[in-house]
Each structure stands twice: as C-alpha cells, then as structure tokens.
Amino acid sequence: MLIRKNVSLDESHLQKLQPLLEKHKGNLSAAIREVIDQVSPGLEKHGTSEEMDEKLKKERKSSGAKEKLFGSEESVTMNQQMMKWLVRSCAGKLMDEDVVHGLINPYIVTTLPELEEHLNRSSKKMGWKIEVSGPRSEESENGPTILDFTGGDRDFRELLVEAVCIFLSRWMSLDVEALHRKSNSITVYLKTFVRHDPEEAAPGVRKYFGSRDLLYRELEKKPQFWIVLAELYQKFNYKRVNLDKDLFKALIAGEVPDITKYFELKADRSLREIPLSELLPLFKYLVMTSQLVNDVEICTEKGKEQMKIRHDYSDEKVIAKMIQLFSSVFEAGWHNFSLSSVSELIIFDFSFSGVSAGEAERVYSDQGL
C-alpha cells in the first residue's frame, strides 16, 4: 500500500541527500526510502523509541553522577598505566583503614548483603566493571563464607578485594581463610575470628595482603637509617653481619654469646617446645638472614634429619666458636646430634642418637678445635 505524506525539507537537508539523489536520478522518495532502510537496523537493535528514551535517560543520569563526583573532587580521572603502577608499587602494604572507610562506610554498610549491593552500585557508578556476588556458603556445616569478585582490571580487582577483606576483619569479625585467583576473578573464603588487639591486622589479611607491610612501616618511621643500611649492604655485596649489642659485647669479651633467644622470639615459644622438623627450617632462615654463613642445607625427613653449613672461615678458632654457637641452639632444645667438619663444611647429624649435644661438643673439642 502506497501512502503519500508531505515532508518539509530545507536546503541543508537536500544537500546531505545529494549523493543519494544522484544515485536515484533525482527521485527524492527513493533517496529517503534508502535512508530509512539504512537506519532501521540500528533502531531495531536499540529497541522501541520508549526503550531508547529510557536508555538515554540512564546514560545521562550516569554521566551526571560522574560529573558530580569529579566536580566535588571526590574522584579524579587517571591514566590506566599510572594507576597500575601505583597499585603494583603498594603491593604487600596494607591499606590504611581511613582509606577503606572512604570506600565502605561502616555506619551505612552493616551486613554482607548490604556490602554486596554497595560494591556493585559503586562499581557501576565508577566504571570499575567488577561484579561482586555472595555471600554464599559451602555445603559442609560450618564451612567458610564465600565472596566472588569477577571482571574488571586485574590489579584494581586485587586492590578492591584487599579493601573489602580489611573492612570485614575490622567490622564483621571475618578473616581470610584462603584466596583463589583466576585470570578474571578472585574467590575469597572467609572464617570467623576474634580480634584481641584493635590495632593489629587479622592474620589472614596480613598473610595474603601484607607480606611487606612491616618493611614499609619501618621505612616510613626511619627512612634515613634504612637507606644507609641498604647502601652499606649493597656496597659490601651483602657480605656483612648484623649483630645486636648483647651479642657484640659477648664476642668482644671473648665469650660465646647466647643466641637461643632469637629463635624463641621468632617462634614465640620455648626451644624445648619446637620439634626438630620446625627448628631446622627456622635455623636456616635466621642464620642465612644474619649472613653468618654462606649456605645452610637441611633434611627434615623423619629419622634422617641432617644439616650442612657452608662457610668461608679458615681460622680454626673461629670455626670452633661458631660450632659452639650453633650447638647451643639444639642443646637448649634437647636434640641429640653428632658433629663433623671438613674444610669449609660443618655437618650436624641428628639421626645419630648415641651422644648428647654436650658430649658431642666435648668430643669435637678433644679433636683440637
């Protein structure tokens, strides 16, 4: 059916239609029909005119909200590469709680469902493209509470998860039991815990997000001290020994210093309470960190426990003192061992149970060391 309508066009519209008019040899109706055919797929894609109006209203509202945030200086635009550099440079340092509260107000968000709703609303408003789902629980009784963070930039997703976990540990008595990272998501497993010190970070939060937090905090407290110390270690190619005053005074006085306290402080318990399978890795960690020796090789297999210490000392008196120093640790823990030393190698064999620690030292002393 052919329907005739009167259409008003001014000169500017006719000029825009000129290529189609030439194509259709001056037939204006044919030119307009082609324009309609070209535009109609786009109209079908965006729905009815009412749906298009609603979509435009939402876009204008979202744009207005963002302009309001930028205008109030609550938010700023930032180059993505710069944002990634900032996030990665702070990796391992726990976010300050006032920064967390700037993202999640603890007086407004008081439950996990409210947290999910708030994060998704903020993500949409700020263009993070991160979807938060949960909380949900595993089928097992008393299983962990689970939150999923999906989509968005990987580094910013990591930062958001850290902020949420700090918030949950501070205000909802939930700590991180485990994290499962995938290419496009992070799943957080949460467990209940009791906070004893309000200033201390929850153990799981510190484990998964604060691996370098102590380092950053100490650098901020005494930057000049740590800069000078780092320069010295670098200049000496890390061939330096760091000693506390008590140990230094004992060495100057010609005594064998007591180093057992360092192990007990690190383990937070008496040496007699530390099994050999745990003491050997702890010994390696502390001795290697102190730079006293070149290398420590350990075997913790039951019945085959052994430790090999490699050093570059040639003075036999120095080696004898060092053996006494190290032996005192295992003697205090009531661990029997045999000793042997060849050139720049000292071997502690704990599978040998016939000689006590003290007797082993005496035997070694009788051999002239």
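In the predicted model, helix α4 passes helix α7 in a left-handed crossing. The two helices, spanning residues 80-89 and 154-171 respectively, pack at an angle of about 45°, and their axes lie 9 Å apart. The arrangement of α4 and α7 is therefore oblique. On the α4 side, the residues in contact are M83, K84, V87 and R88, which meet R154, D155, F156 and L159 of α7. Sorted by class, this contact comprises four nonpolar and four charged residues, with no polar ones.

The crossing of α13 past α14 is right-handed. From α13, the residues L276, L279, L280, F283 and V287 take part in the contact, and from α14 the residues F326, V329 and F330. The class composition of the α13 contact with α14 is eight nonpolar residues, with no polar and no charged ones.

Nonpolar side chains in soluble globular proteins tend to be buried together. In the present model, the largest nonpolar core contains 35 residues, and those with the most contacts inside it are L115, F149, V164, L168 and V188. Two or more residues are given to this core by each of the helices α4, α6 (112-126), α7 and α8 (203-209), and by each of the strands β2 (145-150), β3 (174-181) and β4 (185-192). The greatest share comes from α7, which gives nine residues. Another core, of 27 residues, lies apart from this one and includes F263, I274, I323 and L339.

Beyond its neighbours within four places in sequence, F149 is in contact with L119, I130, E131, V132, R157, L160, V161, V164, N184, S185, I186 and V188. L147 is likewise located in β2 and is buried, its relative accessible area being 3%. With neighbours within four places in sequence again left aside, the contacts of L147 are S133, G134, P135, V164, L168, I186, T187, V188 and L190. The C-alpha atoms of L147 and L179 are 10.0 Å apart, for a separation of 32 residues along the chain.

P135, one of the contacts of L147, belongs to strand β1 (residues 131-137). The peptide bond leading from G134 to P135 is cis, and its omega is near 5°.

Elsewhere in the chain, Q306 is placed in strand β6 (residues 306-310). Its relative accessibility of 27% classes Q306 as partly exposed. Apart from neighbours within four places in sequence, Q306 is in contact with L280, E297, I298, C299, I347, F348, D349 and F350. Among these contacts of Q306 is L280, a residue of α13 that also takes part in the contact with α14. Between Q306 and F337, which are 31 residues apart in sequence, the C-alpha to C-alpha distance is 8.8 Å.

Positive phi values at residues other than glycine were examined at two loop positions. N237 has phi near 55° and is not a glycine; N237 lies in the loop between α10 (223-235) and α11 (245-252). With a relative accessible area of 56%, N237 is exposed, since the exposed class begins over 50%. S343, also a residue other than glycine, has a positive phi of about 50° and is situated in the loop between β7 (338-342) and β8 (345-349). The relative accessibility of S343 is 60%, and S343 is thus counted as exposed.

At the level of the whole protein, the secondary structure amounts to 15 helices and eight strands. Of the 369 residues, 31% are buried. Among contacts with a separation of 6 or more, 50% are accounted for by residues 24 or more positions apart.

Technical notes: Residues are numbered from 1 along each chain as its sequence is written. This is a predicted model: local features need pLDDT of at least 70, side-chain atom pairs count only at pLDDT 80 or more; totals for chains, interfaces and linings use all residues. Side-chain values use heavy atoms; hydrogens and water are left out. Axes are lines fitted to C-alpha atoms, for helices over the stretch in contact, and angles run from 0 to 180 degrees between N-to-C directions. Helices (H or I, at least four residues) and strands (E, at least two) are DSSP runs, numbered from the N terminus. Angles under 35 degrees count as roughly parallel, over 145 as roughly antiparallel, 65 to 115 as roughly perpendicular and the rest as oblique. A crossing is left-handed if the near helix is turned anticlockwise from the far one by less than a right angle, and right-handed if clockwise. Contact means heavy atoms within 4.5 Å. Ala, Val, Leu, Ile, Met, Phe, Trp, Tyr, Cys and Pro count as nonpolar, Asp, Glu, Lys and Arg as charged, and the others, Gly among them, as polar. A nonpolar core is a set of buried Ala, Val, Leu, Ile, Met, Phe, Trp, Tyr and Cys residues joined through side-chain atoms within 4.5 Å. Buried means under 20% relative accessible area, exposed over 50%, partly exposed in between (1.4 Å probe, protein chains only).
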